[in-house]
Amino acid sequence: MQSLIQQWSGECVITTFDHETGTWIFIAIHDTTLGPAMGGCRMKSYPSPADGLRDAMRLAEGMTYKWAAIGFDLGGGKSVLAVPAALEGEARRGLLRRYGGLVASLRGAYALGPDLGTTPEDMALIGGVTDHVHGYDRRTGTALDPGPYTALGTFVGMRAALAHAFGSPDFAGRAVLIEGVGDVGAPLARLCAEAGATLVLCDAREGRAQHLATELAVRTVPAEAVYTTPCDVYAPCAVGATLNERSIPLLACRVVAGCANNQLAEPVDADRLHARGILYAPDYVINAGGATALPLLGQGWSADEVRERIRGFEDTLTGIFEESGERGESPYHAARRMVERVLESRREERGR
Ligand code: PHE
């Protein structure tokens with residue numbers, strides 16, 4: 001953990017150990033150039049605490065780019081509750097309350113929302129301890145699930161990718177493989193099915209994939225077959241780093257467009273995909289629907305207004321694909337230049 005912190009380009013990590021549950025808590029704050037840090041809270045078991053810390057750091061960095069990409073005055077942060085095993089009932093609630101207390105003590109330097117392993121209901125519980133939480137309506141106490149908004153952004157982003165790769169944004173007859181049918185993958189599958197895609201589902205929890213596949217009358221593949229199954233679009237919608245040195249040579253798709261955070265194990269994986277002729281939709285752009293929705297719904301925007309704004313991702317991604325196409329490079333680079341321009345101009349304004 002020492003070397004991870006030493007080598008990190010981010011601002012700081014707040015770390016503590018929850019004795020009651022044996023959970024390591026990490027709040028990683030990557031870059032606050034644009035504003036105070038905001039990002040989801042992930043609850044997951046990791047092989048070691050260092051793996052949880054690494055995840056928090058990588059996710060926080062992704063949030064910096066995500067806020068810059070969608071033009072919000074917020075900074076990159078993320079927290080990880082590295083639980084020893086799945087927690088339920090009072091143990092889980094106790095952990096969330098103590099974690100909420102830690103967030104409260106930061107007085108707005110970091111605000112959270114749901115992420116993999118946490119729910120809008122969890123946000124309501126944490127909301128009893130701190131104001132710096134998104135994902136539920138404080139007045140009514142009802143959950144505001146960002147999942148369907150993230151799914152919508154991913155769906156319109158896929159349209160842009162299909163148009164770039166095949167000359168038409170039409171889903172009819174296109175095979176889309178969705179890996180991970182949780183809070184985002186499931187609504188995304190429904191949108192793709194409605195649009196006429198030929199769906200293939202896959203989930204580490206096979207029963208979950210099977211259940212949705214039966215409802216939508218589509219096929220599933222086992223987790224081992226996810227990379228090798230031929231498809232037009234591979235949509236990583238679960239954990240990160242599924243695009244790596246080992247998986248990329250196996251891929252049998254033309255497009256990678258999914259909603260998972262940190263899909264690339266390392267930046268060169270973008271070039272590896274490009275070298276194989278696979279179009280990559282940069283994760284923090286295509287999956288920014290939830291990040292767009294949470295602050296705006298909190299400010300009183302209607303669901304329709306928020307959806308309209310998220311539909312604009314189609315043009316953003318089209319612009320990224322066109323720029324990278326002209327330069328003969330991965331869209332990863334065009335997206336990075338776009339966010340670096342935003343961050344750089346803010347740094348300059350500050351310097352003056
Ligand atoms: N966890 C989701 C994401 O990474 C949604 C979220 C966005 C949660 C912003 C909190 C803050 O986009």
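How many residues surround the ligand, and which are the closest? Here are my notes.

1. Start at the ligand. There are 13 residues around the ligand, and the closest are K66, K78, P114, D115 and N261. To be near, a residue needs a heavy atom within 4 Å of the molecule.

2. Before going on, a word about what you're looking at. This is a predicted model, where local features need pLDDT of at least 70 and side-chain atom pairs count only at pLDDT 80 or more, while totals for chains, interfaces and linings use all residues. Residues are numbered from 1 along each chain as its sequence is written, and side-chain values use heavy atoms, with hydrogens and water left out.

3. Now look at the polar atoms at the ligand. K66 has a polar side-chain atom 2.7 Å from a ligand oxygen. For K78, an N or O atom of the side chain is 2.9 Å from an oxygen of the ligand. N261 places a polar side-chain atom 3.2 Å from a ligand oxygen.

4. Next, the overall layout. Domain 1 covers 2-62 + 75-126 and domain 2 covers 147-340, with bounds from an automatic or database domain assignment. Their centres, taken over C-alpha atoms, are 25 Å apart.

5. How do the two domains meet? On the domain 1 side 11 residues are in contact with 10 residues of domain 2, contact being heavy atoms within 4.5 Å. The buried area is about 760 Å², with carbon and sulfur atoms giving 50%; that is the accessible area (1.4 Å probe) both parts lose on being put together, summed over both. In domain 1, M38, R58 and G62 lose the most area to domain 2, together 48% of what that side buries.

6. Side chains of opposite charge can pair when their charged atoms come close. Take D232 and R174, whose side chains form a salt bridge at 3.7 Å, N to O. These two residues are 58 residues apart, and the pair links distant parts of the chain.

Definitions and conventions:
Buried area = accessible area lost by both parts, 1.4 Å probe. Polar contact = N/O pair within 3.5 Å; in protein donor to acceptor, adjacent residues only side chain to side chain. Salt bridge = Lys/Arg side-chain N within 4 Å of Asp/Glu carboxyl O. Helix = DSSP H or I, 4+ residues; strand = E, 2+ residues; numbered from the N terminus.
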